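Keep the structure open beside you as you read.

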Amino acid sequence: MSDIAVIGAGAAGLMAAIFAARGGAQVVALDGAKKLGAKIVISGGGRCNVTHDIVHPSDFNGSRNAIAKILRTFDVPATIAFFATLGVTLKREEGGKLFPATDKARTVLDALLRAAEGVETRTDYKVTKVERGFVINDELHARKVILASGGRSVPKTGSDGSGYALATSLGHSVTPTFPALVPLVLPNEHPLTTLSGLSVDAELAVRSPSGKVVHRERGSMLFTHFGISGPVVLDISRHWIANQPLTLTASLLPGETFESLDAMLLDSTRAVRQRLPSRLWEMLAPKDTTREERRRLIRDLLELPLPIVRDRGFEYAEVTAGGVPLSEIDTATMESRVCPGLYLCGEILDVDGKIGGYNFQWAWASGRLAGMSASDT
Ligand code: FDA
């Protein structure tokens, strides 16, 4: 009989286990993967973008008031101080992302594993059944359970979505899940795929059939052999997916208007040409000097159609949108409102953040709160 069993020892589960053990509980952490922390190790291109220097509830999709309340319990300065006590110095990069000074995600994982030394960890232990009370896989007993099994993204890391069935078996609902922070695919051999490797500053817009903008994001867009990627594409992907069958367009000259470009182009194409990579300009360049051709160019520059056929799926998604609704959780403690003694934290909940360290901040804050509350008998 353990005091607390943590199911899933990723970012949120490790945090929960560390703080539950610090609270004096006897904790066992169970993880289906052979090795812990695969997702932390691959995160941030192998450098782990631990958090962002400014984290606001509006950086997340989900129930913002509840998210705000949970984030307040462990803000960015507290996160920086926590990692400092574990020996991990964080450095700020341009744009506000915080990374370990070593530039190695492994530093973050090793520090968390060291901090979790008082926790009994069992790897290669997939949980397939939890009965109220609690009995896990018909053999382990725990007074309380913290469910931190993550979402469905990059399932080979161990986060295969199996935790949702555990949540529903204990009485929770799960809102539809879909990939977020995911690259988008253009039709086979679409001309834009020939621009593979090119990166541009763009403003993307999800539009209704009448052209009305439903969602907008600005940032760097990368053309690839399959379609588009880069921060702005990852950020807007969940809004395109959630609003099917709406369309996606790109302004390749953010800040410009039809009028400003018309005036610029009437004179000469030079000013516009200089602001675009040459391969992109060659693709869009006007065929002649007619008014129609100038107007066509302006439309392409401001509302370039991106006829996305699909997203790249959970194998390539950084996070999962949807999950257990926060309304089913007591946001003061992370305890389930439908199954006393059960706590949930991290990506299994219906919260997904922008790119930039926000998703880990959610995992650290919600995991810590769940661990502290569960050990608080
Ligand atoms: P996480 O997925 O980390 O952990 C869940 C754990 O539960 C896994 O170890 C899994 O094996 C285990 N598990 C699942 N089901 C189980 C079962 N039935 N029984 C036992 N164990 C089970 N975010 C960010 O802020 N900065 C970044 O730099 C990045 N970079 C990044 C890169 C890539 C490629 C990806 C895929 C994701 C990111 N993210 C990110 C997102 C971030 O990694 C993610 O939001 C958190 O890891 C979520 O933490 P959780 O602990 O909730 O789930």
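In this predicted model, helix 3 (residues 64-72) packs with helix 12 (residues 358-375) at an angle of about 75 degrees, their axes lying 8 Å apart. Angles of 65 to 115 degrees count as roughly perpendicular, and helix 3 and helix 12 are therefore roughly perpendicular to each other.

**Helix 3 with helix 12**
- From helix 3, the contact uses Ile-67, Ile-70 and Leu-71.
- Helix 12 brings Gln-361, Trp-362, Ala-365, Ser-366 and Leu-369 to that contact.
- Sorted by class, the contact of helix 3 with helix 12 holds six nonpolar and two polar residues, with no charged ones.

**Helix 8 with helix 11**
- Helix 8 (residues 258-267) and helix 11 (residues 291-303) pack with their axes 10 Å apart, at an angle of about 130 degrees.
- Helix 8 and helix 11 are therefore oblique to each other, and their crossing is right-handed.
- On the helix 8 side you will find Phe-258, Leu-261, Asp-262, Leu-265 and Leu-266, which meet Arg-294, Arg-295, Leu-297, Ile-298, Leu-301 and Leu-302 of helix 11.
- The contact of helix 8 with helix 11 has eight nonpolar and three charged residues, and no polar ones.

- Seven strands make an open sheet in the order 17-16-13-14-15-12-18, and the pairing is antiparallel.
- Strand 17 (304-305) and strand 18 (310-311) are the edge strands, each pairing on one side only.
- Helix 7 (residues 231-242) packs on the sheet and touches strand 12 (184-185), strand 13, strand 14, strand 15, strand 16 (247-251) and strand 18.
- The direction of helix 7 makes about 145 degrees with that of strand 14.
- Helix 11 also packs on the sheet, where it touches strand 13, strand 16 and strand 17; its direction makes about 105 degrees with that of strand 16.

**Hairpins within the sheet**
- Strand 13 (residues 199-207) runs antiparallel to strand 14 (residues 213-223), and nine bridges join them.
- To trace this pairing on screen, look for Val-200, whose bridge partner in strand 14 is Met-221, and for Ala-205, whose partner there is Arg-216.
- Five residues lie between strand 13 and strand 14 in their hairpin, and Gly-211 in the turn has a positive phi of about 95 degrees.
- Strand 14 is also joined to strand 15 (residues 227-229), again antiparallel, by two bridges.
- Phe-223 has Ile-228 in strand 15 as its bridge partner, and three residues link strand 14 to strand 15 in a hairpin.

Technical notes
Residues are numbered from 1 along each chain as its sequence is written. This is a predicted model: local features need pLDDT of at least 70, side-chain atom pairs count only at pLDDT 80 or more; totals for chains, interfaces and linings use all residues. Side-chain values use heavy atoms; hydrogens and water are left out. Axes are lines fitted to C-alpha atoms, for helices over the stretch in contact, and angles run from 0 to 180 degrees between N-to-C directions. Helices (H or I, at least four residues) and strands (E, at least two) are DSSP runs, numbered from the N terminus. Angles under 35 degrees count as roughly parallel, over 145 as roughly antiparallel, 65 to 115 as roughly perpendicular and the rest as oblique. Contact means heavy atoms within 4.5 Å. Ala, Val, Leu, Ile, Met, Phe, Trp, Tyr, Cys and Pro count as nonpolar, Asp, Glu, Lys and Arg as charged, and the others, Gly among them, as polar. A crossing is left-handed if the near helix is turned anticlockwise from the far one by less than a right angle, and right-handed if clockwise. Two strands pair if DSSP finds at least two bridges between them.
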